[in-house]
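Welcome! Take a moment to look over the model below, and then we can walk through some of its parts together.

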Amino acid sequence: MEVEADLGAESMKDESFFGPLDILLITALLGIAAWWFMKDKKKEDGYKSYSIQPTALGSSSDTSGNSFIKKLKTSGRSLVAFYGSQTGTGEEFAGRLAKEGVRYQMKGMVADPEEYDMGELINMKEIPNSLAVFCLATYGEGDPTDNAMDFYEWLQNGSADLTGLNYAVFGLGNKTYEHYNAVGIYVDQRLEELGATRVCELGLGDDDANIEDDFITWKDKFWPSVCEYFGIETMGEDVSIRQYQLVEHTEINTDRVYTGEVARLHSLKNQRPPFDVKNPYLAPITVNRELHKAGNRSCMHIEFNIEGSRMRYDTGDHCAVYAKNDDENVEKLGKLLGVNLDTLFTLTNTDEDSSKKHPFPCPTSYRTALTYYLDITSNPRTHILKELSEYCSNPEEQVKLKSMASTSPEGKQLYNSWIIQDNRNILHILEDMPSCKPPIDHICELLPRLQCRYYSISSSSKLHPTTVHITAVRVEYKTPTGRLNKGVATCWLADKKPSPVSAPPPSDGESQTPPPPPPSTALVPVFIRKSQFKLPTRPQTPIIMIGPGTGLAPFRGFIQERDLYRKEGKPVGDTILYFGCRKKSEDYIYQEELEEYVASGTLKLYVAFSREQQQKQYVTHLLEKNKEELWNVIGENNGHLYVCGDAKNMARDVHNIVVSVIKEKGNMEEAQANTYLKKMEAQKRYSADVWS
């Protein structure tokens, strides 16, 4: 730009050297440079336009299509329940609160913060006796869910005046994770800092124990607090209010009927990129092989072909799989409910102002709904049992269901033993309570949506750019009632055997769509979810990976990538893996691969076989024996430490060992060691991809 400015100045002095065309070109170049500078500056300034300028929000809200304030005003509502949800539980809790608001003279609506201009919270004070409730889950390493990310960052980066906003927060978390309910706790505190008024104390739900119990216990405090704060009284008994109206179709164009699509009609037949959570890609399975050598358990190595899909992944990302419910369970449920599963129907929201017109894609058949859209295998929550009790002709069965739906100590205990511990789902409840005959449309309204399943990708994108590998243990077990429960996704995937026919890739043209793949091909709807679980940017940085069982999955991709760098002649730091399984002869997955990496010099490997000696040995025992090496990596060479697997025991034990090593080898006190580890986490040098 300095050169261009000098040239511009010179042209003013010497008319003969630069003509009008030259000046025009220089001006255009300067304009482009200015545009480029401002474009980058906008990226740096914030995530959305409402981030730091609340005054601009009010003026733009009426013209934008994402104004929840306008929707509240036009529909006479005063309660809005926002949710941050990764698996659907937060959304379900928000829906229950909004629905119950009618009893307390507070007509409510449910809102996805991703779909609305959250800066409009400054205008909630314009609505008399208004209340915003936030049901927010904490995901990963204390992170907000995908749909609440922008709202969370707005709270962090902005300074809006929220005086006049009345609010309450219920957090959804898991105590086995280090950052238990970090999002709910932060949002509750931050809203108060910005001037909002807390109407009810923060509620915290623990999914490792009984999050339903935590929610209804908090809800028993929430509504009395709301009534006291606003000076209102309940309007009587908690009667069942149907949210959706049923229409069964006798004549309908079958071409307009959903058959399992996530969102867009015919999206599974006419594949069009980009592929994401609402538009999954039908990926052919090219490999599906057993990894266990013996024993009665099963672990599958599955490879999806994504060539031509335009989907890209980075090593460490997650692959999401949309599975379907077991056909046998669907048939059983249809018989218990006494319906023709092939009947076509539509459920339409009775609230015309709601953004959610249908509970799932409609019109569809009952068979499709129970197969693709509804979760029929999880333990029903208490509000479902309460609704089911109204359809019992046997008084004893009715009392039992109502008791489990109550907040009494006896009811909670019964729910925990009969539903949670005995692992009953909706099918089991209807089998064990034969007098309970709910209409199928009410079941469709009550049951939560069937969610996709996430798997750590066990391949390197640099080595396998057109295939995605996952490693999954088949879930199948007997319940205390003697029933056989099967994992929805893993048992479905186990039957998906590859065929020699491949699905054609999507067309390069946006308007053109490829022909549907042959029916014989094993196809699975998938999409890629980005992860923060990443290798260091410099290959020479040493790393330690701790991943027993299928916790090895992302590290297989890490090792593949480091091995590729080594073969390319690049300097690669120490690559150290701690792996554990029961027996070498049974469940030592990827044994040959790992031993080849050791032989080639890519990998240093420690393996713990927990059941090959009298006293069990785990990866944590091996880690404790190698304190010098651990400190050499994380303390002296600025290396990275990764943990993948069980959050409840293994990950917590690793955390404690690391703190102990930092104290001992780094000559630090307990507080200093914890601060050191926190700094490692902030620098992404200590990362965990764990589950409970």
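Contact here means heavy atoms within 4.5 Å. Leaving aside neighbours within four places in sequence, Glu-629 is in contact with Ile-544, Ile-576, Tyr-578, Lys-604 and Tyr-606. Glu-629 sits in helix 20 (residues 627-636). Helices (H or I, at least four residues) and strands (E, at least two) are DSSP runs, numbered from the N terminus. Is Glu-629 buried or exposed? Glu-629 counts as buried because its relative accessibility is 17%; buried means under 20% relative accessible area, exposed over 50%, and partly exposed in between (1.4 Å probe, protein chains only).

A word on the model itself: it is predicted, so local features need pLDDT of at least 70 and side-chain atom pairs count only at pLDDT 80 or more, while totals for chains, interfaces and linings use all residues. Residues are numbered from 1 along each chain as its sequence is written, and side-chain values use heavy atoms, with hydrogens and water left out.

## The whole protein

The protein has 22 helices and 23 strands. Of its 692 residues, 51% are buried. Among contacts with a separation of 6 or more, 76% are between residues 24 or more positions apart.

## Helices

Helix 21 (residues 650-665) and helix 22 (residues 670-682) have axes that come within 9 Å and cross at roughly 115°. Those axes are lines fitted to C-alpha atoms, for helices over the stretch in contact, and angles run from 0 to 180 degrees between N-to-C directions. Which residues meet here? From helix 21 come His-655, Val-658, Val-659, Ile-662 and Lys-663, and from helix 22 come Glu-670, Ala-673, Asn-674, Tyr-676 and Leu-677.

Elsewhere, helix 6 (residues 149-157) has Phe-151, Tyr-152, Glu-153, Trp-154 and Leu-155 buried. Their cover includes strand 3 (131-139), strand 4 (143-144) and helix 7 (182-193).

Six strands make an open sheet with antiparallel pairing, in the order 14-11-18-9-10-15. Two strands pair if DSSP finds at least two bridges between them. Strand 14 (453-456) and strand 15 (467-473) are the edge strands, each pairing on one side only. On average, neighbouring strands of this sheet are turned by 40° against each other, direction ignored.

Within the sheet, strand 9 (residues 281-290) and strand 18 (residues 523-529) run antiparallel and are joined by four bridges. Pro-284 has Leu-523 in strand 18 as its bridge partner. Strand 10 (residues 299-305) pairs with strand 15 in the antiparallel sense over seven bridges, and Met-300 stands opposite Ala-472 in strand 15. Six of the seven residues of strand 15 are buried, so this strand is largely enclosed by the rest of the structure.

## Backbone details in the loops

Most residues other than glycine have a negative phi, and most peptide bonds are trans. The table lists some exceptions.

| Site | Backbone feature | Value |
|---|---|---|
| Pro-273 and Pro-274 | cis peptide bond | omega about 5° |
| Cys-362 and Pro-363 | cis peptide bond | omega about 0° |
| Asn-129 | positive phi, not a glycine | phi about 50° |
| Arg-310 | positive phi, not a glycine | phi about 70° |

Where are they? Pro-274 is in the loop between strand 8 (244-249) and strand 9, and Pro-363 is in the loop between strand 12 (344-349) and strand 13 (364-365). Asn-129 lies in the loop between strand 2 (108-111) and strand 3, and counts as partly exposed at 45% relative accessibility. Arg-310 is placed in the loop between strand 10 and strand 11 (318-321); at 37% relative accessibility, Arg-310 counts as partly exposed.
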